[in-house]
Structures are given as structure tokens and as C-alpha cells.
Amino acid sequence: MTDWTQQTETARTWFETLRDRICAEFEAIEREAGSDAAFEYLPWQRHEEGNPDPGGGTRGLMKGEVFEKVGVNVSTVRGRFESEFAKTMNGVDPDDPRFVATGISLVAHMKNPHVPAVHMNTRFLVTGRAWFGGGADLNPPIPYPQDTEDFHARFRAACAAHNPTYYERFSKWADEYFYIPHRGVHRGVGGIFYDHLECEDEDAFARNFAFTKDVGEAFLDIFPELVRRRMESDFTPADKLTQLEWRGRYAEFNLVYDRGTLFGLKTGGNIDAILMSLPPEAVWT
């Protein structure tokens with residue numbers, strides 16, 4: 001297993017800085033709505049028998065007047081995959097199932113059903129290989145074509161700055177990944193999803209890290225704009241019911257299909273941080 005300690009620390013620092021900037025922007029939106037809601041941060045420590053440095057993270061959670069529930073988590077963990085799960089992971093040597101992972105994960109569920117919910121995460125993983133992954137997808141209970149186009153346009157621009165094939169590949173990947181087979185529907189209006197951007201050397205790390213940072217910048221640029229666009233919209237009880245039913249679908253995806261949820265559970269992560277993606281309220285009718 002190659003030593004990527006310095007690169008992991010560089011990525012960790014960026015993820016934590018991005019977390020701070022996102023949380024500050026979300027709190028600013030709450031102030032604009034006359035709310036004093038703020039993030040509460042809960043540090044957690046991972047435990048693994050025989051591991052003196054298993055790592056941990058911080059769960060950030062806010063419940064406000066605009067953001068009904070938003071979680072922004074960062075973590076950096078180190079350890080060994082259990083044998084069966086190791087077989088599903090990229091680059092794992094069965095004789096050396098060590099891993100290091102650092103990343104940021106965000107899910108926002110909004111009070112107003114006209115404001116889209118959203119998911120974003122980016123991460124750097126090291127096994128026998130090292131790679132970046134992540135993305136963002138928009139999840140509106142009541143879709144607006146303008147919001148969908150603006151969201152995609154911002155990520156299209158971020159992709160184009162690095163590779164002319166990225167947007168087409170990664171938006172298609174998002175459509176395939178964020179799909180609920182047993183319902184036969186997508187969980188939202190897409191975005192981008194990427195994985196296994198391999199870092200064969202330091203130059204590849206620099207290229208892939210630059211792209212991953214631009215994914216974070218794109219999210220921070222476009223999502224607050226969409227929130228401010230819709231957060232004062234009037235809504236009816238029927239609109240709210242539509243949102244609550246849609247949230248049920250979102251919960252089904254995250255509990256049944258989401259790889260990030262499975263990774264957290266399989267590697268001894270903090271349960272509350274892993275399941276912060278679940279909505280505060282949902283219905284099945």
C-alpha cells in the first residue's frame with residue numbers, strides 16, 4: 001500500500017474548508033429568512049480493535065426555517081476492510097485490506113416543497129490504489145425546468161474546464177446510479193456522479209484533486225442561488241404531501257441502494273452521521 005499520507009491530509013484540509021464555507025452560506029440564508037438557526041457539530045471517533053489510529057469525523061446538523069434538516073459531515077478514517085466487503089472495493093489486496101478514506105458528505109431537506117433537496121459528496125480513498133470520487137444531484141419534489149438546467153449548466157462548466165468528456169460521462173453515470181429499480185423512477189433530476197478517478201502518481205493526484213475541488217465550488221455557487229430563488233414561494237397542503245411522498249422514495253434509495261451508506265456501515269462509521277441523509281419526515285400513502 002503506497003503512502004499517500006500527505007495527499008490525504010491535503011484533501012482532508014480542503015474538505016473541512018469546504019464544509020465551513022457551505023455551512024456559513026446556509027446559515028446566511030437562514031438569517032435572510034429571519035431565523036437564527038445554526039449548525040451544531042458533533043465530533044465522533046471511530047473504533048477498530050487493534051487499530052491505534054482509526055480516525056473519525058464531525059457531524060454537522062442544522063434545523064431551520066429554510067433548511068428543515070441539513071447535514072454536512074466530514075470524516076477521515078483508517079483501517080482494514082472485513083474480508084467479504086473488501087472484495088467489492090477498488091484495488092484491495094486480499095492479503096492487505098487496509099484503507100484510508102477522507103471526504104465530505106452533504107444532504108439538505110428543505111421546508112418549502114418548491115425548494116429542491118440536494119445531495120453532494122466528494123472523497124479521496126486509498127487502498128492498493130488511490131482515487132477520487134463524488135458528485136452532486138438535485139432532488140426536487142416539484143421540479144422546475146429552469147432550476148434543473150441551471151444546476152446542470154454549472155456542473156457542465158466545471159467538467160468542461162478539466163475534460164471535454166466528463167460531463168457526458170458523469171451525468172449519465174448519475175442517471176444510472178440515482179435510480180430506484182423497484183419503483184422504476186429516478187430519485188431526482190440528476191447531476192454528476194464519478195468514481196475511480198485514479199491517481200497513479202502525484203501529477204494525476206493534482207489533476208483529479210483540482211477537478212474535485214471545482215465540483216465543490218460548483219455546488220457552493222449554484223445551490224444557494226436555487227434556494228434563494230424558491231424559498232419564499234407559497235405552497236399548499238397538496239404541495240407538502242407531494243414532498244413527503246417524494247421523501248419516502250429518497251429514503252428507500254438511501255437505505256437500499258446507496259453505496260456511501262453501505263461503506264459507512266461496513267467501516268464502523270458513526271450511525272447518526274451515516275443516516276443524517278434521511279429526511280426529517282416522510283410518508284408512504
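Which residue in E6 is the bridge partner of Arg123? It's Gly133.

This is a predicted model, where local features need pLDDT of at least 70, side-chain atom pairs count only at pLDDT 80 or more, and totals for chains, interfaces and linings use all residues. Residues are numbered from 1 along each chain as its sequence is written, and side-chain values use heavy atoms, leaving out hydrogens and water.

Overall, the protein has eight helices and nine strands (DSSP runs numbered from the N terminus, with at least four residues of H or I for a helix and at least two of E for a strand). The radius of gyration, taken over C-alpha atoms, is 19 Å, which agrees with the value near 19 Å for a compact globule of 285 residues; that rule is 2.2 Å times the number of residues to the power 0.38. Buried residues (under 20% relative accessible area, 1.4 Å probe, protein chains only) make up 54% of the 285.

Now for strand E6, residues 130-139: 10 of its 10 residues are buried. In a regular strand, side chains alternate between the two faces of the sheet. In E6 both faces are covered, with Phe132 and Leu138 among the buried residues on one side and Trp131 and Asp137 among those on the other.

| Partner of E6 | Sense | Bridges |
|---|---|---|
| E5 (residues 117-126) | antiparallel | 10 bridges |
| E9 (residues 190-198) | antiparallel | seven bridges |

E5 and E6 make a hairpin, with three residues between them. Over on the E9 pairing, Leu138 stands opposite Gly190.

Notes: Buried < 20%, exposed > 50% of the residue type's maximum accessible area, 1.4 Å probe, protein only. Pairing = 2+ DSSP bridges.
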